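Open the model in a viewer and keep the selection tool at hand. The stops below go from one selection to the next.

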Amino acid sequence: KLIALGARRCSLTVVTGPVGAGKTMALALWAAAESSPVAWMCLDEYDNRPGTFWSYAIAALRRSGVAVPDALSATTRGRAAEHLLLPRLASVLAAQNPPVALVVDDFHLLTEPRVLNGLDFLLRNAGAGLRLVLSSRTDPPFLFHRYRLAGKLAEVRAGDLAFTIAEAGQLLAQHGCKLPAGSLECLTRRMEGWAAGLRLAA
């Protein structure tokens, strides 16, 4: 629910939490129920190369139904690629209706300043046509204060992703486990609602 509200109201939504907090699962459930287009990128350390990153971004946008011109694909290579690609891509996205949500999973792996600055440029210039949704183990190195002060940042933290006692009971039941109420409450509190820990306990 928080992700859906954030993506609807804000240009930037950030979902942060430790390994096993359920970030990707929460995003996948939201994306499956979303009526507007959702483009999905899952990063690894090799995606820090600008040409690679923007090629994958364009492919993800196309898969979601965004009509990205073929000519843009040719501008993802070379040192000056961003100067040609980003304004054109921003223009395409600015005309997107309904807006597309670009999900970037494992965003903490992205450290290349050129790519980070390019994403910031795209977000600032694509207007209402783009919603950027980041999943990360740590706060992304974006200029958070600017988006927060402008009311354009939605934040979903580990505490928001934590399982309630009732949800923990449902998870355990799916694994064939049923605990007395006191034990279930104790386990949930000890795990602090951590999804992976509850799964391991089950």
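Begin by selecting Arg 148, which counts as partly exposed because its relative accessibility is 42%. Here buried means under 20% relative accessible area, exposed means over 50%, and partly exposed lies in between (1.4 Å probe, protein chains only). Before going further, note that this is a predicted model, in which local features need pLDDT of at least 70 and side-chain atom pairs count only at pLDDT 80 or more, while totals for chains, interfaces and linings use all residues. Residues are numbered from 1 along each chain as its sequence is written, and side-chain values use heavy atoms, with hydrogens and water left out.

**Salt bridges**

Glu 155 is partly exposed, at 29% relative accessibility.

Now select Arg 157. What does Arg 157 form with Glu 155? The two form a salt bridge, and their closest N and O atoms are 2.5 Å apart. Arg 157 is partly exposed, with 28% relative accessibility.

Next, go to Arg 189 and Glu 185, another salt bridge, with the closest N and O atoms 3.1 Å apart. Both are in helix α10 (residues 181-191), and because they are four residues apart, about one helical turn separates them. Helices are DSSP runs (H or I, at least four residues) and strands likewise (E, at least two), numbered from the N terminus. Arg 189 is exposed, with a relative accessible area of 56%, whereas Glu 185 is partly exposed at 33%. The structure holds seven salt bridges.

**Helix α9**

Select residues 165-174, helix α9, and colour its buried residues: Ala 168, Leu 171 and Leu 172. Look down the axis of α9: these residues fall within an arc of 95 degrees, so they line one face of the helix. The arc is taken from the directions that run from the helix axis to the C-beta atoms. The buried residues of α9 pack against α10 and α11 (195-201), where contact means heavy atoms within 4.5 Å. Turn to the other side of α9 to find Ala 166, Gln 170 and Gln 174, which are exposed. After α9 comes Gly 176, with a positive phi near 80 degrees.

**Helices α1 and α2**

Select residues 2-9 (α1) and 23-33 (α2). At what angle do the helices α1 and α2 pack? The angle is about 65 degrees, and their axes are 9 Å apart. Axes are lines fitted to C-alpha atoms, for helices over the stretch in contact, with angles from 0 to 180 degrees between N-to-C directions. Show the side chains of Ile 3, Ala 4 and Ala 7 in α1, which meet Ala 26, Leu 27 and Trp 30 in α2.

**Phe 107**

Finish at Phe 107, in the loop between β3 (100-105) and α6 (113-125). Is Phe 107 buried or exposed? Phe 107 counts as buried because its relative accessibility is 0%.

Definitions and conventions: A salt bridge is a side-chain nitrogen of Lys or Arg within 4 Å of a carboxyl oxygen of Asp or Glu.
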